[in-house]
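Good morning, colleagues. Please look at the display.

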Amino acid sequence: MHIAKLKVRPKKNPPVNLCARELTTMLSCWAASNDVMSTGACAEASSALFQCMRETPFKGKQHKPTINYHLARLRKSLK
Amino acid sequence: MRAGHFDRYNLHFPERRRRRRRRVEMLSVLRSIRVGLPRHLPNQRSLSTTPDHMGKVMRTVSALTTGTDNALDDVIAAPKEEPEIIEVPVAYTPQFMTLPPAEDPLLHLFTSYIMLHGEREKASKTTSRVLLYLHAYTRQPPLEIFRQALHMAAPAVRCMNQRRGAKAIVKPVPLSEKQRMRKAIEWIWEVVNVRSKSATIGKTLAERTAREMIKILNGDSSVLKKKEEIHKVAMANRGAARGR
């Protein structure tokens, strides 16, 4: 089989999940108590999330996936 | 002053080049004292510089501006002085003086948002008037009210629309403190810029902003409704929060 140009449409890098644990805690607390404004029951959970966001460093910009480079390079050895 | 323009014009004048070099050196020293600003807006005012450090910097600056080569020697090779212990009959505990930053970071953010065409002075006058009106209406320290109102109005998450194959899903993503504050300011500013008789009372932007903030604290504002909507959508899509 001869493929002239071996190339894929790479999937975008997924956005980073920051403070995932605190976020899910807060959202489940909202669902349980319906305290969406975080004034009563979910005040602690939301403040924990805010504290986590203050401390967590953001990751830098993610590189684009390099699969096409490797496919182009290895295409010669496929034939 | 643009650096490029300066260079091209002053290359012909060696004296100006020398002066510019000294100015650049001075600026680099001054930049080194700038404490790395935190990404968040801290609740407590943070320490910016200590008096000792400032003294050392100013001495270095004056040494550089006079232009002698060995000006920095006394700063580099200064022997550490032993502190003189003075005995006093009464116990004396010196209090630490924490210098607050020049401007509250939240007010700075607010001013930056409302500023147009880079006219910061004009925008900061509006900010000051907002604080004045807040104090006039409530008879309390206005900065705390300002901060409370923004915290109450700020959403905790934003809902990102993502395409997972053919399906469009909504993913709740947490916001940093600066993003949250900015969103709150944006919503308030939207409401306040509409000058209809039914919606808002107040002849000036500052007055309307202050009234809106008090409404937020009382709990009846359209800004709070916006926040609730976003939170409800996030709650409904909480399954997508941890995906990928």
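The largest nonpolar core comprises 32 residues, and those with the most contacts inside it are B:F110, B:L134, B:F146, B:L150 and B:M213. By nonpolar core I mean a set of buried Ala, Val, Leu, Ile, Met, Phe, Trp, Tyr and Cys residues joined through side-chain atoms within 4.5 Å; buried denotes under 20% relative accessible area, exposed over 50%, and partly exposed in between, with a 1.4 Å probe and protein chains only. Two or more residues each come from α5 (105-114), α6, α7 (142-153), α8 (177-192), α9 (205-218) and α10 (222-236) of chain B, and α8(B) gives the most, with 8 residues. Helices here are DSSP runs of H or I with at least four residues, numbered from the N terminus.

A word on conventions: this is a predicted model, in which local features need pLDDT of at least 70 and side-chain atom pairs count only at pLDDT 80 or more, while totals for chains, interfaces and linings use all residues. Residues are numbered from 1 along each chain as its sequence is written, chains are lettered from A and ligands numbered from 1 in the order in which they are written, and side-chain values use heavy atoms, leaving out hydrogens and water.

Consider B:L150. Leaving aside neighbours within four places in sequence, B:L150 is in contact (heavy atoms within 4.5 Å) with B:L106, B:M181, B:A184, B:I185, B:I188 and B:M213. B:L150 is also among the buried residues of α7(B), which include B:F146 and B:R147. Their cover includes α5, α6, α8, α9 and α10 of chain B.

Next, the packing of α6(B) on α9(B). Their axes, lines fitted to C-alpha atoms over the stretch in contact, with angles from 0 to 180 degrees between N-to-C directions, lie 8 Å apart at an angle of about 50 degrees. The two helices are therefore oblique to each other; under 35 degrees counts as roughly parallel, over 145 as roughly antiparallel, 65 to 115 as roughly perpendicular, and the rest as oblique. Among the residues making this contact are B:L134 of α6(B) and B:M213 of α9(B).

Which residues have a positive phi without being glycine? A:C19 has phi near 50 degrees, and B:R139 has phi near 60 degrees. A:C19 precedes α1 (20-33) of chain A and is buried, at 7% relative accessible area. B:R139, in the loop between α6 and α7 of chain B, is exposed, at 63%.
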